[in-house]
Amino acid sequence: MFTPDLISNMKRAARIVVLTGAGVSAESGVPTFRGEDGLWKKFRPEELASFDAFISNPRLVWEWYSYRRRLISEVKPNPGHYALARMEDVVENFCLVTQNVDGLHRSAGSRRILELHGNIMRNRCMECGRKDESADLDVGDRLPRCRCGGLMRPDVVWFGEMLPQEILNSAFREAEEAEVFLSIGTSAVVQPAASLPLVAKRNGAYVVEINMESTPITSQVDETILGKSGEILPRLVGEVWGIEI
Ligand code: BJW
Ligand code: ZN
């Protein structure tokens, strides 16, 4: 099912960079944002994942995040996450750039992870910036407050907000240096993450997309493999490196 070009490029690559999106966690039971069975059906992400939404109705936004935290705390990585973790074991320089905030790559054993959009399990104070890694799953009757009195928010990146600068710089550097770049389970519409595969391509990487459907970058990548990442990735690491998931 894989082209000889893909297999040979992956075998000889010393630098592989992977960009993941919500589709990679779909088979774990985490709904996606967009796409066929995109989720959070009642709300579009633009309506809740923004500073303005939070300021105008912090309780509603907090309830959405609490609901998602509870859901994420109950799910497990799927074979796609595990295949990427094993890929890191065998590739000389491997970097996983993720837009996902669910932490499932780390649970699966990935180590070099650049979380572009933060982590949903962490809180951050809107006044002093203090981060709280042991935040409650539930929002409770009163909105979470910092010890300085400031309102806490989920430590994620909303629309209109800057991505963490150092992490973003590292991601672009990795994309520039990649020999093979895999864009997996992302609709490739949210910037600046969506430009990473194109930056890699411009700098000579062999760029492969794995998705259930085509995306705005499909016509610009070297190959698109249509299907579920939880099925394709284990087969791919099996064929390239003989790894069994
Ligand atoms: C499967 C599968 C299976 C399903 N196997 N596949 C340049 C041009 C135009 C606009 C902009 C621009 N630069 C900046 C912007 C504005 C904006 C933006 O990009 N808007 C576009 C929507 C038009 N970007 C920003 O605001 C960013 N900030 C920024 O750039 O700051 C500088 C700046 C500020 C102001 C002005 C200009 C510049 C911040 C973006 C933050 C995104 N945040 C969210 C929420 C995070 C917190 C949370 O989780 O609540 O991040 S939104 C949401 O989308 C989330 C995701 O990480 C992100 C991407 O979604 P993803 O992962 O691609 O998921 P889906 O659902 O879209 O797609 C799933 C895919 O999987 C589908 O394709 C399925 O087919 C597939 N799939 N099952 C394989 N089993
Ligand atoms: Zn504070």
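Modeller: Let's start with the domains and then turn to the ligand.

Modeller: This is a predicted model, where local features need pLDDT of at least 70, side-chain atom pairs count only at pLDDT 80 or more, and totals for chains, interfaces and linings use all residues. Side-chain values use heavy atoms, without hydrogens and water.

Biologist: OK, how is the chain divided?

Modeller: Into domain 1 (4-30 + 77-117 + 163-241) and domain 2 (38-74 + 125-156), with bounds from an automatic or database domain assignment. Their C-alpha centres lie 27 Å apart.

Biologist: And how many residues does the contact take from each?

Modeller: Domain 1 gives 5 and domain 2 gives 6, with contact meaning heavy atoms within 4.5 Å.

Biologist: What area is buried between domain 1 and domain 2?

Modeller: About 400 Å², with 77% of that from carbon and sulfur atoms. Buried area is the accessible area (1.4 Å probe) that two parts lose on being put together, summed over both.

Biologist: How many salt bridges between domain 1 and domain 2?

Modeller: The count is 0, taking a salt bridge as a side-chain nitrogen of Lys or Arg within 4 Å of a carboxyl oxygen of Asp or Glu.

Biologist: Switching topic: which residues are closest to ligand 1?

Modeller: Arg-34, Tyr-65, Ser-187, Gln-191 and Asn-211, out of 36 that surround ligand 1 (a heavy atom within 4 Å).

Biologist: What does the side chain of Ser-187 do there?

Modeller: One of its N or O atoms is 2.5 Å from an oxygen atom of ligand 1. For Gln-99, a backbone N or O atom lies 3.0 Å from a ligand 1 oxygen.

Technical notes:
Residues numbered from 1 in each chain as written. Chains lettered and ligands numbered in written order. Polar contact = N/O pair within 3.5 Å; in protein donor to acceptor, adjacent residues only side chain to side chain.
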